[in-house]
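Please walk through this model with me, one step at a time. Keep the sequence and the 3D view side by side as you read.

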Amino acid sequence: MKISWLPAIAGAAVVGTVIRAVFYTPLEAKQGAAQKIFYIHVPAAWVAFLAFFLVAVASGVYLWIRDQRLDRFAESSAEVGVVFTTVVLITGPLWAKPIWGTYWAWWDVRLISTLFLWFIYVSYIVLRGAIESPSLRARYSAVLGILGAFLIPFIHLSVYLFATMHPMPIVGKPSAPSLPNEMLLTLMISLASFTLLYAAFMRSRYRYAEERDAATARNHSDA
Amino acid sequence: MRKSVMQPLRETTLMPETSAYFHVAYTVALGIYAAYALSLYVRRKRVRAK
């Protein structure tokens with residue numbers, strides 16, 4: 001049996017990260033166990049932003065050189081990004097309820113803009129399914145993929161621009177991280193292992209797209 | 001200015017009871033990743049069989 005090393009390593013890294021976060025990272029003084037949601041919520045958000053940023057880059061280059069591989073990469077990254085954004089949108093409210101007293105606040109700009117980001121890339125997937133012509137599908141979805149990514153810096157900066165319930169950045173800020181070393185190390189390990197999981201998902205999703213396109217081409221030549 | 005400083009708990013008597021949310025969040029998140037990995041496996045297997 002052939003072993004796929006990347007998914008195996010990514011899976012082991014995620015399991016190791018969860019064990020470290022649950023059993024070997026101290027509880028936070030004011031939030032208790034709920035704060036440990038931080039170690040899956042923040043990496044999911046980081047990976048989602050990375051995925052959509054790469055959709056925009058691949059789409060931009062596709063519009064320039066029209067290489068089908070870039071369209072497949074963008075399509076794969078958008079789908080994986082939606083999976084990670086779904087995790088963000090579920091784990092966030094589960095963390096918010098015990099800490100803020102509510103699952104959701106419609107006036108919180110970061111929550112709403114993250115939900116919009118999810119809708120944009122779900123629309124991207126729906127759009128791809130609705131257009132028959134491969135070149136037209138690639139072109140239209142590339143434009144949507146680029147436009148959607150403009151939300152990413154807005155979501156990151158929303159805590160500076162608006163009154164939100166989200167705290168100021170703890171790690172991604174100009175000054176030193178406001179996190180004890182043992183928590184910071186768990187977060188860094190978590191960011192690395194979920195990025196590895198993104199790479200494993202991407203490789204598998206990209207190969208699926210290649211195999212699907214090859215099967216479609218075979219069917220057309222047979223017909 | 002909203003503060004964003006996290007502090008590790010050193011005295012267990014102060015711990016608030018929020019573990020149910022933590023358990024649900026981890027279960028759901030890992031379940032979503034596992035379901036997506038399974039969906040990729042199934043889709044690739046189907047497309048190869050064509």
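Trp104(A) sits in the loop between α3 and α4 (109–130) of chain A. Helices here are DSSP runs of H or I with at least four residues, strands are runs of E with at least two, and both are numbered from the N terminus. This is a predicted model, where local features need pLDDT of at least 70, side-chain atom pairs count only at pLDDT 80 or more, and totals for chains, interfaces and linings use all residues. Residues are numbered from 1 along each chain as its sequence is written, while chains are lettered from A and ligands numbered from 1 in the order in which they are written.

Leaving aside residues up to four places away in sequence, Trp104(A) touches Pro93(A) and Leu111(A). Touching means contact: the C-beta atoms of the two residues, placed from the backbone, lie within 7 Å.

Chain A has 7 helices and 0 strands. Its C-alpha trace spans about 65 × 45 × 30 Å along its principal axes. Of its 223 residues, 39% count as buried. Take the contacts in chain A between residues at least 6 apart in sequence: 75% of them join residues at least 24 apart.

Pro43(A) is placed in helix α2 of chain A. It has 27 other C-beta atoms within 10 Å, so Pro43(A) is buried. Not counting residues up to four places away in sequence, Pro43(A) touches Ser190(A), Leu191(A) and Phe194(A). The C-alpha atoms of Pro43(A) and Val87(A) are separated by 10.0 Å, and these residues are 44 apart along the chain.

How do two helices of chain A pack? Helix α2 (residues 38–65) and helix α3 (residues 68–100) of chain A meet at an angle of about 155°, with axes 7 Å apart. Axes are lines fitted to C-alpha atoms, for helices over the stretch in contact, and angles run from 0 to 180 degrees between N-to-C directions. α2(A) and α3(A) are therefore roughly antiparallel, a label for angles over 145 degrees. The contact of α2(A) with α3(A) has 21 nonpolar, 7 polar and 1 charged residues. Here Ala, Val, Leu, Ile, Met, Phe, Trp, Tyr, Cys and Pro count as nonpolar, Asp, Glu, Lys and Arg as charged, and the others, Gly among them, as polar.

Arg66(A) lies in the loop between α2 and α3 of chain A. Its phi is near 55°, a positive value in a residue other than glycine. Most residues other than glycine have a negative phi. With 13 C-beta neighbours inside 10 Å, Arg66(A) counts as partly exposed.

Finally, turn to chain B. Chain B has 1 helix and 0 strands. Of its 50 residues, 20% count as buried. In chain B, 29 residues are in contact with 41 residues of chain A. On the side of chain B that touches chain A, the residues divide into 19 nonpolar, 4 polar and 6 charged. The model scores ipTM 0.93 and pTM 0.92.

Note on methods:
Parallel < 35°, antiparallel > 145°, perpendicular 65-115°, else oblique. Buried ≥ 20, exposed ≤ 12 C-beta atoms within 10 Å, placed from the backbone.
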